[in-house]
Amino acid sequence: MPDGEIQKLIITEETAKIRPFAVAAVLRNIKFTKDRYDSFIELQEKLHQNICRRRALVAIGTHDLDSLSGPFTYTAKRPSDIKFKPLNKTKEYTACELMNIYKTDNHLKHYLHIIENKPLYPVIYDSNGVILSMPPIINGDHSKITVNTKNVFIECTGTDFTKAKVVLDNIVTMFSEYCENQFTVEATEVVFPNGKSYTFPELSYRKEMVRADLINKKVGIRETPENLAKLLTRMCLKSEVIGDGNQIEVEIPPTRADVMHACDIIEDAAIAYGYNNIQMTLPKTYTIANQLPLNKFTELLRLDMAATGFTEVLTFALCSQEDIADKLGVDISATKAVHISNPKTAEFQVARTTLLPGLLKTLAANRKMPLPLKLFEISDVVIKDSSKDVGAKNYRHLCAVYYSKNPGFEIIHGLLDRIMQLLDVPPGEDKGGYVIRASEGSAFFPGRCAEIFARGQSIGKLGVLHPDVITKFELTMPCSSLEINIEPFL
């Protein structure tokens, strides 16, 4: 402003329910080139994706200040009452129309959900009623910045006040370099609904104390406090040795919002020292690494399974509800499956409770291969268990399938006998032996299913699969399967 007053942004109370915070600043007499301009836009995009959490926490708007007149008002209105010409469009639209237009826009459709179902949409006006932006969706075309823009008004609106301030600090510290007066930024007054006014950007510096011996100990080096202070200063953390000569006072600039704790400072010292320059040492504690018994047991079993002529497959630990329930003829509630709260695709809705669907899907994908197909997998399944602190438990299962023109029940039965032979479990009813008993299972052909008991407990089932199951997995030939829990044999 000509008379030396600073720009003002007034926040109204309507914003409280949707996007309550806003901060702003001005970059004066900036000199853009094509590269600088592209970099400016790209910086905003990068910030939007990470710290702004895809614009949900903070949305950035940058405007040509010379095309606007302050003071500015940040408020929230009904979608039908908001009408303006959005960026790169030739005519005006209401907010409702824009939402429909942007549903097919590959870039903007990902942000619509943030305000879509709210009764009021956030919007920023200047003193003449010109709309600057409708955060977090789109800026107005009237105030768009170009390579020829001299004065840039930056506003950040959001649901997280701290992150909004960090984002603003980052933009102005990085681009004030291109102002006529280098590294200067013009403050903006922001008036909150309670009447209190604050000046942004804060650009706050703070001091932290770190002991030199702590840095040396954590990183595993032996450097003097003076050298450590030099290393940290190289990392843009201005440092000096004070007090008893072991304390390092570190000044954290507004450009380093990532430094929250002494650990972050120690990490910076390690980076400046160079990870490759840290001497390798043997740990002081005497430890001998050993494979987890269950994994060692699994590896041994895998080798012997392969030796019997079966081919190992590795399938996804997540699957759809249909795979473990409907297709196997059970209700999803009976499976005790762990559900994913926000699955990306229908293929990954639940954690598997059985390995069988994975093997059957592998068969379906390899139908062109010569018969018979003999596959196996030894992996974890996940079952809900309220007695565990995480509410679920993993079990290591072994599953095998035989797929050919005949069901091959005797081959799967023979495989079970071979597995038991390897595990040193004799056939028979006694406590140490194993036995199979006629049983029923929704996935199996009636009268062709058996439950396996070993060492006095039920460990799984084997049998010929029901034709319904086979057709649901898009298979055409008979198939027999075996699935057991191998943990009791550890």
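## Cysteines

In this predicted model, Cys96 counts as partly exposed because its relative accessibility is 36%. Cys156, by contrast, counts as buried, its relative accessibility being 0%.

The cysteine sulfur closest to that of Cys156 belongs to Cys52, and at 7.3 Å it is too far away for a bond, given that a disulfide requires a pair of cysteine sulfur atoms within 2.5 Å. By this rule, the count comes to 0 disulfides.

## Domains

The chain is divided into domain 1, covering residues 8-200, domain 2, covering 206-277, and domain 3, covering 293-489. Taken over C-alpha atoms, the centres of domain 1 and domain 2 are separated by 36 Å.

## Helix H10

Helix H10 runs through residues 409-422, and its 14 residues reach 20 Å from the first C-alpha to the last, which is close to the 20 Å expected at 1.5 Å a residue. Ile412, Leu415, Leu416, Ile419 and Met420 are buried in H10, and because these residues cover an arc of only 135° around the axis, they lie on the same side of the helix. An α-helix has 3.6 residues a turn, so residues three or four places apart point the same way.

The cover over the buried residues of H10 includes helix H7 (293-307) together with strands S20 (392-403), S21 (434-438), S22 (444-454), S23 (457-465) and S24 (479-485). On the face of H10 turned away from the buried side are the exposed residues Glu410 and Gln421. Just after H10, Asp424 takes a positive phi of about 65°.

How values were computed:
Residues numbered from 1 in each chain as written. Predicted model: local features only at pLDDT ≥ 70, side-chain atom pairs only at ≥ 80, totals over all residues. Heavy atoms only, no water. Helix = DSSP H or I, 4+ residues; strand = E, 2+ residues; numbered from the N terminus. Expected span 1.5 Å × (residues − 1). Buried < 20%, exposed > 50% of the residue type's maximum accessible area, 1.4 Å probe, protein only. Arc of directions from axis to C-beta. Contact = heavy atoms within 4.5 Å. Domains from an automatic or database assignment.
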